[in-house]
Amino acid sequence: KMGLEEGDIVANLESIMEGMGTSASLSQEAVVELSAASRVTGQEVGKLAREFRGVGISVYDVGDEMKKVTDYARSVGVSVKAVSQGVVDNLTKINTFNFENGVEGLAKMAATSERLGITMDKVFSTAEELMSPEKAIDMSAALQRLGVTSSGLLDPLRAMDMAQNDPEALQKEMVKLGQEFTRFNEKTGKMEILPGAKRRMREVAQAVGMSAEEFSKMALKSADFEMKLKQIKMPDFTGAIVTGK
C-alpha cells in the first residue's frame, strides 16, 4: 500500500539495525511502521530509529509520534517534510528542555520555524543563554533601554522560565519583537522594514542573539503572515442558524 518493494523493506531493516546499533530482531509491525513513517515524512528510516531511541522512545512508537507531527504540519499548512526534519534534527532537545506534549510540542515549534523563518537553532541558542540569571537580566535591561514595551522577555524570571519550560513560547516572544519594525508598502504591495527603525532593529536583534539579517527576515515573514490572517473572512453561520436555512 505504501509502494514499498521487498527490497526496500530489507534495506530499511538493515538501516534500522545500523541506526539502533544492535542486531536485535524487530517485529513485522515495527519495520512496517518505521518504513511508512519514513515514506510519509521523507526522513531516513535509520535516522528515525536512532534519534527516537536516543530520547527513550521505542521504535514501536515512532509511527504514532511521527503521525502526530504529520497531522499538525498539515493542519497549519506547512511542509510535512520540513517540519519532520526540524523535529528529528532536534529530538535530543527533549532531554534538556520541557515541551508541552513532548514530540507534538516540538512539532509546533518546528512549524513556526518553517513558517516564520526563525531557525530552531537560534531559539535554542537564546534559551541556553537565558538559563543564566545574569544574562537574562542583561537581555531584559537591553530591551527596556531600546524601548520595547510588550514582550515577555522584559521580565528576567519569565524569560528564564520560558527558556527552560516552554521554548515554543520563547520563540513566539522573539517573533513578536520584530513586528513593530515592519509596515505594508501600498505602492509595492509588500512588507518592508521601517526605514527609520533599522538601526534600533539591529540593536534589538543583537540583544536576543540574532543577526540583523536573521531578525529582519523573521520580522517580515511574521508581519506578512499576520496580515494574511486578518484578511481571512470566516463565514457567518449565525444568520443561517437563526433563520433555519
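**Rings, core, helices and charges**

Biologist: At 0% relative accessibility, does Phe181 count as buried or exposed?

Modeller: The relative accessibility of Phe181 is 0%. Buried means under 20% relative accessible area, exposed over 50% and partly exposed in between, using a 1.4 Å probe and protein chains only. Phe181 therefore counts as buried.

Biologist: What is left out of the side-chain values?

Modeller: This is a predicted model, in which local features need pLDDT of at least 70 and side-chain atom pairs count only at pLDDT 80 or more, while totals for chains, interfaces and linings use all residues. Residues are numbered from 1 along each chain as its sequence is written, and side-chain values use heavy atoms, leaving out hydrogens and water.

Biologist: How are the rings of Phe99 and Phe124 arranged?

Modeller: Rings of Phe, Tyr and Trp (its six-membered ring) pair if their centres lie within 6.5 Å; planes under 30 degrees apart count as stacked, over 60 as edge-to-face and the rest as tilted. The whole structure holds three aromatic pairs. In the pair of Phe99 and Phe124, the centres are 6.2 Å apart and the planes are at 75°, which makes the arrangement edge-to-face.

Biologist: In which helix does Phe124 lie, and how far apart in sequence are the parts that its pair with Phe99 ties together?

Modeller: Helices (H or I, at least four residues) and strands (E, at least two) are DSSP runs, numbered from the N terminus. Phe99 lies in the loop between helix H5 (80-89) and H6, and Phe124 lies in helix H7 (residues 120-130). The pair therefore joins H7 to a part of the chain at a sequence separation of 25 residues.

Biologist: Are Phe99 and Phe124 buried or exposed, and which cluster do they belong to?

Modeller: Phe99 and Phe124 are both buried. Ring pairs join them in a cluster of Phe97, Phe99 and Phe124.

Biologist: What separates Phe181 and Phe215 in sequence, as parts tied together by their ring pair?

Modeller: The ring centres of Phe181 and Phe215 are 6.0 Å apart with the planes at 75°, so this pair is edge-to-face. Phe181 is in the loop between H10 and S1, and Phe215 is in helix H12 (residues 212-231). Phe215 counts as buried at 0% relative accessibility. The parts that the pair ties together are apart in sequence by 34 residues.

Biologist: How many residues of H6 are buried?

Modeller: H6 (residues 103-116) reaches 20 Å from first to last C-alpha, close to the expected 20 Å; the expected span is 1.5 Å times one less than the number of residues. Its buried residues include Val103, Leu106, Met109 and Leu116. H6 is mostly covered, and of its 14 residues the buried number is ten.

Biologist: Which residues does Thr70 touch, beyond those up to four places away in sequence?

Modeller: Thr70 is part of helix H4 (residues 62-75) and is buried at a relative accessible area of 5%. Contact means heavy atoms within 4.5 Å. By that rule, Thr70 touches Val40, Thr41 and Val80.

Biologist: What is the N to O distance in the salt bridge of Glu180 and Arg200?

Modeller: A salt bridge is a side-chain nitrogen of Lys or Arg within 4 Å of a carboxyl oxygen of Asp or Glu, and the structure holds eleven. The distance between Glu180 and Arg200 is 3.0 Å.

Biologist: How far apart in sequence are the parts that Glu180 and Arg200 tie together?

Modeller: Glu180 is in the loop between helix H10 (167-179) and S1, whereas Arg200 is in helix H11 (residues 198-207).

Biologist: Which residue stands opposite Arg183?

Modeller: Two strands pair if DSSP finds at least two bridges between them. S1 (residues 182-185) and S2 (residues 190-193) are antiparallel over four bridges. In S2, the residue opposite Arg183 is Glu192.
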